[in-house]
Structures are given as C-alpha cells and as structure tokens.
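Thanks for coming. Please look at the model first.

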Amino acid sequence: MNVSLAKDLSVYQLVMGVQVPPKPLSLSPATLLSLVRAQIDLLIEQQIAATLWVKLPPEKIWQSELARYQSSVGASSFIYTCQIEESGKGGNGGTGEENTPLSAYDVPVHLPPDSQLRRESFLMVLSPQFCSLILAHRPLKKRKNQTSGKLNTNKNQPLLIITTVEGRVIQQVLNGIQQAITPESSPVAIDFICPTAPQAALMNQLFTKQLLRQDEINRQIITARTTKLQQLNQELHNKDQLQDEYLNNLCHELRTPLTHMKTALSLLNSPNLKPPQRQRYLQMLNTQCDQQNSLITGLLELVQIERNLEGMALESVQVSEIVPGVVSTYQPVAQEKGIMLAYTVPTELPSIWCVSGGLRQIVINLLHNSIKFTPNGGQVWVRARIQGDYVQLEFRDTGIGIAENEIPKIFDRFYRVRTAATENYGGAGLGLTIVQQLLLRCGGSISVKSKLYEGSTFTVQLPTVGNTPRAIAIENE
C-alpha cells in the first residue's frame with residue numbers, strides 16, 4: 001500500500017486550530033513515553049481493536065510499544081506509521097526514520113523531507129469504544145547561527161505535549177490528514193466519526209495506568225541518577241586515594257635525602273673524625289643535595305607539564321635539528337665513562353608534531369637514562385628513521401637492563417629500576433613520566449624492549465606533519 005501526505009500538514013496546528021484548543025504542557029520525553037505506554041496498556045487490557053495513526057521516534061523503545069499492541073490484538077487493527085522521506089533516497093522507501101513494518105497491517109505513510117511533522121510525534125487511537133490523541137511538538141527556537149544566519153532548533157528544550165480524548169479535536173486532526181493525503185495514494189479507509197467522549201470506566205482505567213507508568217519511569221530515572229552518582233562518588237574516592245598515594249610518595253621521596261643529610265651532619269660533629277671520613281661525609285651531603293634538587297626540579301617540571309598539557313600548542317619540528325645537538329652535549333659524559341655514543345639521523349626526515357621544546361626534553365630524558373644505566377665501556381646508539389606516518393626514534397644501550405616484571409612500572413612517578421648492583425643511580429624517578437606526558441599531548445607512542453644485564457631499547461614514534469595525532473599507546477614488550 002502506498003500512502004503519502006502533503007508537505008504542509010502539522011498535527012499541532014490542526015489541534016491548536018479548534019475552538020478552545022487543549023492547553024499544551026511543557027514536559028519531558030520520559031513523560032511522553034509513559035503516556036504512550038499507558039494507552040497501549042489500556043488497549044491491550046480491554047482488547048480494543050483500533051486504527052492507529054502514529055509518528056514516534058525510531059528508537060526500539062518506542063517501536064516495541066506498537067509491536068506489543070500488534071501482537072496482542074493482531075489482524076483486527078491497522079497501524080499507519082508516518083515516516084520522513086530523506087531527499088536523494090528515491091523510491092517510496094527512502095526515509096530517514098524508516099522502521100521495519102510490524103506486520104502486513106502496518107502501513108508506512110511517507111512524508112516529504114520538509115514536512116512540519118519532522119518536529120512532531122503523535123499517537124492517535126481510533127475506535128468506536130475509545131479515541132485519543134497524544135501529541136508532542138518541539139518548538140523551533142528562534143536563535144540565529146552566528147556563522148550561517150540560519151535558525152537552529154534546540155533539541156534539549158522540553159516538549160509541548162497535548163493529550164486529549166475530545167472527539168472534536170481528534171476529528172479535526174483526522175479530517176486534516178484526509179485532506180493532506182495525495183491523490184496518487186492508495187485508498188485509505190478513513191471515514192470515521194469519533195465518539196464525543198469515551199466511557200467513564202475506560203477513562204478511570206486510563207488515568208490509573210498513566211499514574212503507574214509515570215511512577216515506573218520516575219523510579220527508573222531515580223535509579224539511573226543514583227547509579228551515576230555512585231559512579232561519580234567512586235571516581236572521586238579513587239581520585240582521592242591516588243592523590244593521597246601521590247602525596248605519600250612525594251613526602252617519602254623528599255624526606256629520604258634529608259635523612260641522609262642529617263646523618264652526615266651529625267657524623268661531621270664527631271670530635272675524632274679523620275680527614276678521609278670528613279671528606280666522605282661532605283661528599284654524601286653534596287650528593288644528597290643534588291638528589292634533592294633533582295627531585296624538586298623534576299616535580300616542578302612535571303606539574304607544569306600536567307597543568308598546561310591540554311593548552312600546549314603543537315608545532316612542526318625537524319628531528320635532525322634537535323637530536324644531534326643533544327647527543328653532542330652528552331658526548332663528554334659518555335667519554336668520561338668510556339661509553340661509545342653514536343647517532344644516525346637522516347637530514348631528509350619529515351617534520352613531526354610536538355609541543356614547544358617537547359622533543360628536546362624527550363631526547364634528553366631517554367639519552368640521560370641510557371648513559372646512566374650503561375656501565376663503563378658500554379655502548380649507546382640513537383637512531384632515527386621514517387616508519388609509515390611516523391618518525392621513529394630508537395635509544396639502544398648495553399646497560400643493566402630491566403627485569404620483565406618491572407617494565408610495566410617504569411613510567412610511574414618516582415619509580416626507579418631495582419638492581420642487585422651496589423651502585424646508587426640516583427635520579428628523581430620522573431624522567432619517563434615526563435616523556436609519557438609529552439607524548440600523550442602530541443599523539444606519539446613509546447615501547448620498551450629489555451633484557452636484564454643485556455641492555456634496553458626505547459622506541460618512540462612521533463606523528464609526521466600531515467598525520468593526525470592519536471592518543472598515546474604505551475607498549476611493554
């Protein structure tokens with residue numbers, strides 16, 4: 001069956017055009033759903049075979065109500081489902097709100113793309129025993145788009161809902177639909193005279209069902225809000241726990257150097273202290289002061305990055321302009337330890353995205369770690385190459401390596417690799433955390449391969465200019 005309506009039809013205007021029209025109420029979509037469900041409940045309970053004219057949202061929660069009625073009453077009812085046709089689809093079935101027919105008695109009614117019914121939803125019940133109309137209208141809010149000058153519809157505003165069982169109002173809508181049906185449509189049995197008012201007993205049952213359905217939806221809303229609040233409370237609790245843990249770690253890290261310095265100072269007060277011992281304790285003080293300074297500097301740097309991370313603008317950077325300079329700066333440190341330090345950075349590499357100064361910080365932190373954890377006589381290589389849409393930086397060393405169970409922890413704040421060696425490598429344990437944050441902003445990634453006592457390889461990938469930055473991926477291999 002092919003049924004189409006003219007473009008100028010508006011059920012809301014038909015209702016408001018009657019003498020003394022029903023008063024619209026500003027209500028929520030949840031209330032509209034409760035009204036529809038109450039109507040379907042009544043029709044099913046009383047086994048009222050009716051003709052339904054509907055235009056409801058396409059979501060399953062609405063369509064299931066029609067299916068519930070159709071399966072209960074069966075072939076003794078007809079459902080005319082209004083659907084908006086989208087331009088360019090062609091044919092009779094190209095609708096933006098098209099629903100699968102419930103049965104052979106579900107008749108699609110096609111509406112033009114510019115139909116005023118686009119902003120309306122309704123359920124009209126036609127039966128000799130009971131007639132009703134539930135109508136929801138979303139007003140067009142007159143707010144101009146600053147760029148296009150066009151009027152926009154605010155989809156978050158409440159619906160204007162009308163519900164009525166008055167025969168004169170429903171007949172007005174029915175007559176309007178009959179006049180709007182296009183001449184080429186299939187014949188529609190629409191010659192129906194609405195009763196003036198339904199039976200009082202039916203109305204009492206309808207009001208009861210409306211109250212029950214509204215109460216059910218209210219309880220569902222309260223349950224959903226309670227669940228959401230519980231989730232938010234849990235998130236806040238977890239955040240507080242993380243913050244407490246962070247502060248505890250911070251206090252522990254700041255206290256450790258102070259404890260060593262206090263010990264050294266108390267030993268320096270010994271009257272029988274020999275010069276070599278005095279020199280050793282002074283060196284301890286100097287080392288712990290450096291450790292304290294490194295920790296505070298790293299913390300300030302990390303706080304600054306995390307606070308301004310989202311606001312940091314990305315800039316185009318040439319890898320070949322940054323990496324060689326940083327490596328040259330570390331050559332004297334490497335030579336002092338007898339470490340062979342080399343790099344391979346092609347000049348033709350494409351530019352990459354990074355925050356201002358971020359690439360230099362990444363290279364400094366990773367190169368510093370490679371040299372620090374590589375014993376005398378070892379080797380450190382820095383290599384850059386193109387890898388798809390990314391420039392790949394590889395930092396490889398023959399250092400002490402990282403145990404497999406420690407690799408997932410190395411990006412945590414204050415975490416230091418635990419080794420059996422007696423050497424104290426110092427450091428604030430924040431370098432890799434800073435690298436992680438910088439990569440997070442520019443859409444890069446970092447992966448780690450390491451074997452204990454054989455060395456480590458840190459591989460960083462940075463998006464090239466023209467490649468959309470993605471979220472960071474940290475891979476532990």
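In which strand does Thr164 lie? Thr164 lies in strand S10, residues 159–164. Strands here are DSSP runs of E with at least two residues, helices are runs of H or I with at least four, and both are numbered from the N terminus.

Before going on, two notes on the source. This is a predicted model, in which local features need pLDDT of at least 70, side-chain atom pairs count only at pLDDT 80 or more, and totals for chains, interfaces and linings use all residues. Residues are numbered from 1 along each chain as its sequence is written, and side-chain values use heavy atoms, with hydrogens and water left out.

Back to the residue. Thr164 counts as buried because its relative accessibility is 5%; buried means under 20% relative accessible area, exposed over 50%, and partly exposed in between, with a 1.4 Å probe and protein chains only. Leaving aside residues up to four places away in sequence, Thr164 touches Pro22, Ser132, Leu133, Val169 and Ile170. Contact means heavy atoms within 4.5 Å. The Thr164 side chain also reaches the backbone nitrogen of Glu166, at 3.1 Å.

Now the whole protein chain. It has nine helices and 18 strands. Of its 477 residues, 43% are buried. Among contacts between residues at least 6 apart in sequence, 74% join residues at least 24 apart.

Next, helices. Two packed helices are described by the angle between their axes and the distance between the axes. Axes are lines fitted to C-alpha atoms, for helices over the stretch in contact, and angles run from 0 to 180 degrees between N-to-C directions.

Helix H2 (residues 29–45) packs against helix H3 (residues 60–73) at about 5°, with the axes 10 Å apart. H2 is therefore roughly parallel to H3; angles under 35 degrees count as roughly parallel, over 145 as roughly antiparallel, 65 to 115 as roughly perpendicular, and the rest as oblique. Residues of H2 including Leu32, Val36 and Ile40 meet residues of H3, among them Ile61, Trp62 and Tyr69.

The second pair is helix H7 (residues 319–336) and helix H8 (residues 358–372), whose axes come within 10 Å and cross at roughly 30°. That angle makes H7 roughly parallel to H8. In H7, Val319, Ile322 and Tyr330 are among the residues that meet H8, where the partners include Leu359, Arg360 and His368.

That is the end of the tour.

Note on methods
Polar contact = N/O pair within 3.5 Å; in protein donor to acceptor, adjacent residues only side chain to side chain.
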